[in-house]
Amino acid sequence: MADQKMLGMVDPAVFEHLQTKIDEDAKVREEIRDILQKLERQGRNAQSILSRAHSTPSSQLTSTIETAEKAIRDEVDTIYDLSEVASKYPYYKYNGLWTRDIQNACFAIILCGWLGGFGAEGSGSQHGRLLTIEEVGQILNVPVNLKERDAFHLTIEEYLQSLITLIEELARLAVNSVTLGDYQRPLQISQFVKDLHAGFQILNLKNDSLRRRSDSIKYNVKKIEDVVYDLSLRNLVPKGNGGA
C-alpha cells in the first residue's frame with residue numbers, strides 16, 4: 001500500500017505539460033528558421049550585388065545601387081514577416097536566432113547608403129554618407145532600440161556590429177579602387193573610417209563581442225592609411241591630401 005502511494009507522488013501530467021511547452025517552443029523556432037532561411041538567401045543576393053562596387057568605377061555605380069536597393073527591399077519584406085512572428089513572444093527569447101541576419105541586412109543598407117543609395121527624394125546621390133540607426137530603422141520598417149515595450153526591433157549593438165563590417169568592407173574597397181584607377185575614393189574612405197574610429201573610441205562598450213571587434217578597427221585604419229601613403233609617394237594624389 002505504501003509502495004502504491006510512493007509511485008503516485010509525482011503526477012505524470014506535470015511532464016506532459018512540459019512536453020507540450022517544449023513542442024510549442026520547437027514549433028516557433030522552426031517557423032522563425034523558415035523565415036530566416038529566406039532572409040539569408042536574400043541577404044547573400046544583396047551583398048553579391050553590392051560587391052560589384054569593388055570592380056566598378058564609382059562614376060558607374062548607379063545601376064548597381066538601384067539593383068541593390070531593390071534586393072534590400074526584398075529583405076525588408078521578409079523582415080516584416082519575421083517581426084510579425086517574433087513580436088508575439090518576449091524579444092530576448094528568440095533574438096539569438098535572427099541577430100546575425102539582421103546585422104547583415106543592416107550592413108547592406110549602410111553600405112548601399114555610403115555608395116549613394118537610399119537618398120532623400122529629390123536629393124540625388126550622396127556618396128560617403130553614413131545612415132543613422134534611425135534611418136536604417138525607417139528603411140527596415142522596424143522600431144529602433146525599444147525600451148518601453150517588448151517587440152521586435154533593431155538594437156544599437158546590431159547597428160554597431162554592422163558599422164564594423166562596413167569598415168572592413170571599405171578597407172577592401174580602398175585597395176580595389178586603386179586597381180580601378182580611382183585615386184580619390186581611398187582618400188574619402190580614409191577620412192570616413194577615421195571619423196568612425198573616433199566615434200567608437202567615445203563609446204564605453206559593454207558587449208564583449210562588440211568590444212573585441214571594435215578593437216580591430218585600428219588595423220583597418222592602418223591598412224587604408226598605407227594605401228593613401230603609397231598613392232602620395234607615387235604622386236597620384238594632390239599634395240596635402242595624403243593624410244586625409
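**Exercise 1.** Which hand, left-handed or right-handed, does the crossing of α6 and α8 have?

*Solution.* The structure is a predicted model, in which local features need pLDDT of at least 70 and side-chain atom pairs count only at pLDDT 80 or more, while totals for chains, interfaces and linings use all residues. Residues are numbered from 1 along each chain as its sequence is written, and side-chain values use heavy atoms, with hydrogens and water left out. Helices are DSSP runs of H or I with at least four residues, numbered from the N terminus.

Begin with the axes, which are lines fitted to C-alpha atoms over the stretch in contact, with angles running from 0 to 180 degrees between N-to-C directions. Those of α6 and helix α8 (residues 208-215) come within 10 Å and cross at roughly 20 degrees. That makes α6 roughly parallel to α8, a term for angles under 35 degrees. The crossing of these two helices, α6 and α8, is left-handed, meaning that the near helix is turned anticlockwise from the far one by less than a right angle. On the α6 side the contact (heavy atoms within 4.5 Å) involves residues including Leu160 and Ile164, and on the α8 side residues including Leu210 and Arg213.

**Exercise 2.** Work out whether the span of helix α2 agrees with its number of residues.

*Solution.* The expected span is 1.5 Å times one less than the number of residues. For the 39 residues of α2 (residues 12-50) this should give 57 Å, and the end C-alpha atoms are 56 Å apart, which agrees. Among the buried residues of α2 are Val28, Ile32 and Leu50, where buried means under 20% relative accessible area with a 1.4 Å probe and protein chains only. The buried residues of this helix, α2, pack against α3 (62-86) and α4 (91-115).

Note on methods. Buried means under 20% relative accessible area, exposed over 50%, partly exposed in between (1.4 Å probe, protein chains only). Angles under 35 degrees count as roughly parallel, over 145 as roughly antiparallel, 65 to 115 as roughly perpendicular and the rest as oblique.
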